[in-house]
Amino acid sequence: MRRIMIDYEKCDGCKNCSIACMQAHREDEGTIYDLNLTDPRNESRNQILRVKDGTYRPLFCRHCKEPECVMTCMSGALRKDPETGLVTYDETRCAACFMCVMHCPYGTIKPSHSLQKVIKCDFCAEDGYEPNCVKSCPKKAIHVEEVEA
Amino acid sequence: MIEYYGCRTCKSADGQLEEYIRTLPMETSHHRVESQDTKCGFGLQGVCCRLCSNGPCRITPEAPRGICGADADTIVARNFLRAVAAGSGCYIHVVENTAKNVRDIARSKGEIKGVNALNRLAEMLDIHEEDLYLRAEKVAQAVLDDLHRPEYENMELVRKMSYAPRYETWKRLGILPGGAKAEVFKGVVKTSTNLNSDPMDMLKDCLKLGISTGIYGLVLTNLLNDIVLGEPELRLAPVGLRVIDPAYINIMITGHQHSMFTYLQKRLTDPDVVAKAKKAGAQGFKLVGCTCVGQDLQLRGAHYEEVFAGHAGNNYTSEAVLATGAIDAVISEFNCTLPGIEPICDKLQIRQICVDSVAKKANAELKEFDFANRERVTEEIIDSVVETYMKRRGGRLNLLVDHGNDDTLTGVSEGSLKEFLGGDWKALVRLIVSGKIKGIAGIVGCSNLTAGGHDVLTVELTKELISRDILVLSAGCSSGGLENCGLMTKDAVKYAGPGLREVCEQLDIPPVLNFGPCLAIGRLELVAIELAETLGIDLPQLPLVLSAAQWLEEQAIADGCYGLALGLPLHLGLPPFVTGSPKATRTLTQDMKHLTGGQVIINDNAKESADILEKIIQEKRSGLQI
Amino acid sequence: MRHVIIGSSAAGISAAREIRRLREDAEIIMISRDGHVHSRCMLHKYISHERDVKGLDFTEDNFFETQRVEYIQNEVISVQEKEKCVVLRTGEEIPYDRLLIASGAQSFIPPVGDLRTAPNVCGMRDLSDAQTIDRMAESADNILVIGAGLVGMDAAYGLLQRGKRVTVLEMSHRILPVQLDAHSAEVYQREFESRGAIFYLGRRLEKTICGVGGQICRVVLDTGENIDCDMIIVAAGVRPAIDFLDNSGVEAGRGVLVDAGLQTNVKDIYAAGDVIGHSAIWPNAVKQGIVAARNMCGMSEKYTDTFNEKNMMNFFGIVTLYLGQICTRRDEVVMTEEDRNVYRRISIRDGKVTGILLQGDISNAGVWQYLIKNQIDISNIKENVFQISYADFFSVKADGEYRWNYQRQAAE
């Protein structure tokens, strides 16, 4: 499977990846110039967190080999796709029970602002599985690599 | 659930204030620190360039130059000079208005409260004029003439206002400034798209802007204001949120231009105006000091005891002051008026009025201060504040009556301190030579929320320094934090080292002296110059350091450039946005020592910073063989 | 090899999927009373009419075809250990090579008054219960829910959404007594009350009074108070569904007894999910199903994730999560953080988190389960412990999966 690899030491905390993610998943049409940065519906699936020593840790969904989120999903909304290895999310099935949120130890899945669904990385499936966060990183702190599923 | 807006506010050196803000039902800047925690590294290092449509360009190992070819040094120097120019512009705006006010008052033969101050300044500027009002007018005009000179003409008062050895250094370095406004203009032009790309040339301009900012924006603003507003006098005053008395119609003032309140503060105590307040159910009017203009009123508080309630706090205390519910209006004329007070004013129905369009807040009515129309505008302001008072009062108050203290020593200036010490600086010099006082630190500038939290580094560093027998003089929002934390009360000698403690107890003064607003950094520098004169040395030899531990804004950067031009060591808690440029960083932190004698020291740890500053003071003492 | 699975909920379905993943050629038979595979965690949404039967199905479309699982809708009445077969209600015998008992649990109706016999009393355990409640609620206006645990509150939620008058009776002095602390429970209580729910807390049911057709029309509490009702939902807990194992040789206590590999005392018979009676939550049942399946396929795996002190709820836009236990033992440090949107409470002993409750904002909460489960020392990581996240333990393996780096923290 393909996975977003993280070289955290290169991260400069510019959050370009977060904006790229918001842009890629916005509900309305538009360009990065008119992306509403204050609309809570435009949520980023990744997060850049600063740790004690002032350096950054970029957190992206791993699409784990044994995904806790999938094992805990009681609606069938989250699945591990045997073909691509990706953990897919079907919003129409989701019952917003947030068991997945409670179980993902990495915090890469979270309730949506509306509390009606969850926000999770889809590897930019609609863009041909080429994650926009990776394309946007000016420091190349993230890249996609084929790994053993 | 409880009504706290959010439970994670940043730390404050002032624990009581921290708790008060944490439990407020409205959002403040202290709440937003967490959500802005992840900073863009490019921005922090100053290597993001947005000067053209090819950008924003950012410097990375794979992209060491912007599309235009600018490297990190050029991008950083451009961004830095822009910031210095903007900061200088701010202070030059202030001195220009101040000089205009002196001129207008002189022309209209208004009240001149500080005749001595006028005479001293006229003397310095070589202006000899019998008539008091003409004398004042000529002094003001001389300043205005300099400000309005073209960039290619050196300003005339620089030589008169500066310490001779410094002037020679500046001349040698080619950094004597032209007209102050024109220098700002030039800074903006130089740094525009595809113009100057020479980092050293731009850094030199920063020093030029520093000199015009310091001499005009800082020193002269104070001395001009002393003419019409009165000279500072030592006295004990209340500080903190305790100064707010809900029985009055309270006006919080924010900004930096005391001169703009001259007429209003007088009217507020006139019987016909007080009667308006009484009719509305209040006992009268009070101006509640906040930010630097509050410090200005506090500094000259001896002249305004009736109308000035006291200084409530610095820039990042302003939201708390409003949250008490007992403020009816905010009158602002300059910066440190946070945009974040707008929703709070909306919520609490507090009227916002701006008297200078440069500080027009989105919510505020603009009642531009204008000498000719001052009477009409003032009456309009008073009536609208009374109206607001009647409409909004009756709600729940959230006072903090035991915050702050009643006995902060205020009114310290180059003049009042010298007078207190017996009319000259010999006594202080003797104490420094004997080592009872190892040296002097000017803790200046702003407060920010990111160097440990609100006033945290400022207060901790100050405690460290006084414990090492270093006398601290403070000016700016830093002094707002230090006073609310009690460091300017006599009780604070308990934090002082044995030598300093003995001196303070003998003189009955606190170990941290409050010079007031950031403008008064100019007064500290006058003290430094006079000390150097007394010792017969140049400024870089003095055992004196500066720290803008929690510098916040572009003005502070321009001030800092003045400090560097003066050849003083300047400590900063957080670096300005220059560290992406090796050249700029090296110049500011190292090479500057060989140019002006100054240096920038970056450290965000109070103890380490104090160690470094103490070491520098020791080195300077050794240099003087004391 | 033929694998027979009794039950079609979390454990049963995950076991079937895992067996198929491991054994392309295995025969898999699933026997369940249920007409439809459904997730019991969503029954309240069926009652509230937010979801239909299909909406409760947690398996992918055509699960049984694509996974090649034969589904028999029937009830197992006994297990013949020696013959290695199970006997259905219809008399049919189904032989097995490996058997997984994942029959779950059933509602416990306390023997008070006529609760066990009256026709207008129902538990809320599976789809048929929900369908019964849905039908009865058509003509019932006053509905009494006994028990204010998660199931009781689920029922109350569904019925309030239907516009019913709901009264909740609870022995404890607060709602959700096992799941929440008093403070966070009160938030829900007020929210339910604002939507019309009436709570009788700290009271017991003493007797029932029947009216027409033997239906309970009124109950009397230990305080002497009366509550009129048209129907009653009992949410007073569950018991493992093990009646059919009598005389089967499979040992059971409160639930079926299993070893670390989830095998019962009888070779080739495994059990997973609520039927083993110690961790009545969905994620654990799924994981047990997977472990049992692997062992049924000849692997040797232990079920280790026994942590079950975890609750999550989302009612009326208020989310709450509770992990571990927040006691007030003297050696525990309790910290809270609260504003108008959020309530957080954590307890720490010797630098290790013993429990956490998050209400209002549960983003990034998964880290806490890991830290509690694995007893990780969190001293000196963040000044405000609530700001701890996985970022503080960040480390990646060669394949890009995350791992936990807490040595670094300890060393600092």
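This report describes sheets, helices and chain contacts in a predicted model.

## Interfaces between the chains

The contact between chain A and chain C draws on 44 residues from chain A and 49 residues from chain C, while the contact between chain C and chain B involves 14 residues of chain C and 11 residues of chain B.

| Pair of chains | Buried area | Share on carbon and sulfur atoms | Salt bridges |
|---|---|---|---|
| Chain A and chain C | about 3,700 Å² | 57% | five salt bridges |
| Chain C and chain B | about 1,100 Å² | 50% | two salt bridges |

On the chain A side of the interface with chain C, where about 3,700 Å² is buried between the two chains, A:Met71, A:Met74 and A:Met102 lose the most area to chain C, and together they account for 19% of what that side buries. One of the five salt bridges found across this interface joins the side chains of A:Arg79 and C:Glu60, with an N to O distance of 3.1 Å.

Between chain C and chain B, which bury about 1,100 Å² between them, the residues of chain C that lose the most area to chain B are C:Glu338, C:Asp339 and C:Arg340, together making up 54% of what that side buries. A salt bridge links C:Glu383 with B:Lys11, and the closest N and O atoms of this pair are 3.0 Å apart.

A:Cys97 lies in the loop between β5 (87–89) and α3 (99–103) of chain A. When its neighbours within four places in sequence are left aside, A:Cys97 is in contact with A:Met74 and with C:Met312, and A:Met74 is among the residues named above for the area lost to chain C. A:Cys97 and A:Cys124 are separated by 27 residues in sequence and by 24 Å in space, taken from C-alpha to C-alpha.

In chain C, five strands in the order β3-β2-β1-β7-β18 form an open sheet with parallel pairing. Its edge strands are β3 (69–73) and β18 (269–271) of chain C, each of which pairs on one side only, and the twist from one strand to the next averages 20 degrees. Strand β7 (residues 98–101) of chain C is joined to β18(C) in the parallel sense over three bridges, and C:Leu100 stands opposite C:Tyr270 in β18(C).

At 1.5 Å a residue, the 15 residues of α8(C) should span 21 Å, which agrees with the 21 Å between its end C-alpha atoms. C:Gly298, which follows α8(C), has a positive phi near 95 degrees.

The buried residues of α5(C) are C:Leu127, C:Asp129, C:Ala130, C:Ile133, C:Asp134, C:Met136 and C:Ala137.

## Strands and a helix of chain B

Chain B holds an open sheet of six strands in the order β13-β12-β11-β14-β15-β16, with parallel pairing. Since β13 (512–516) and β16 (599–602) of chain B stand at the edges with a single partner strand each, one side of each is left without a neighbour in the sheet. Neighbouring strands of this sheet are turned against each other by 25 degrees on average, direction ignored. Strand β14 (residues 544–548) and strand β15 (residues 569–572) of chain B pair in the parallel sense over three bridges, and within β15(B) the bridge partner of B:Ser547 is B:His571. Helix α22 (residues 521–535) of chain B lies across β11 (439–445), β12 (470–476), β13 and β14 of chain B, and its direction is at about 160 degrees to β11(B).

Elsewhere in chain B, strand β3 (residues 235–239) has a covered face made of B:Arg235, B:Ala237 and B:Val239, and an uncovered face made of B:Leu236 and B:Pro238. Four bridges join β3(B) to strand β10 (residues 405–410) of chain B in an antiparallel arrangement, with B:Leu236 opposite B:Leu409 in β10(B).

Methods:
Residues are numbered from 1 along each chain as its sequence is written. Chains are lettered from A and ligands numbered from 1 in the order in which they are written. This is a predicted model: local features need pLDDT of at least 70, side-chain atom pairs count only at pLDDT 80 or more; totals for chains, interfaces and linings use all residues. Side-chain values use heavy atoms; hydrogens and water are left out. Buried means under 20% relative accessible area, exposed over 50%, partly exposed in between (1.4 Å probe, protein chains only). Helices (H or I, at least four residues) and strands (E, at least two) are DSSP runs, numbered from the N terminus. Two strands pair if DSSP finds at least two bridges between them. Axes are lines fitted to C-alpha atoms, for helices over the stretch in contact, and angles run from 0 to 180 degrees between N-to-C directions. Contact means heavy atoms within 4.5 Å. Buried area is the accessible area (1.4 Å probe) that two parts lose on being put together, summed over both. A salt bridge is a side-chain nitrogen of Lys or Arg within 4 Å of a carboxyl oxygen of Asp or Glu. The expected span of a helix is 1.5 Å times one less than its number of residues.
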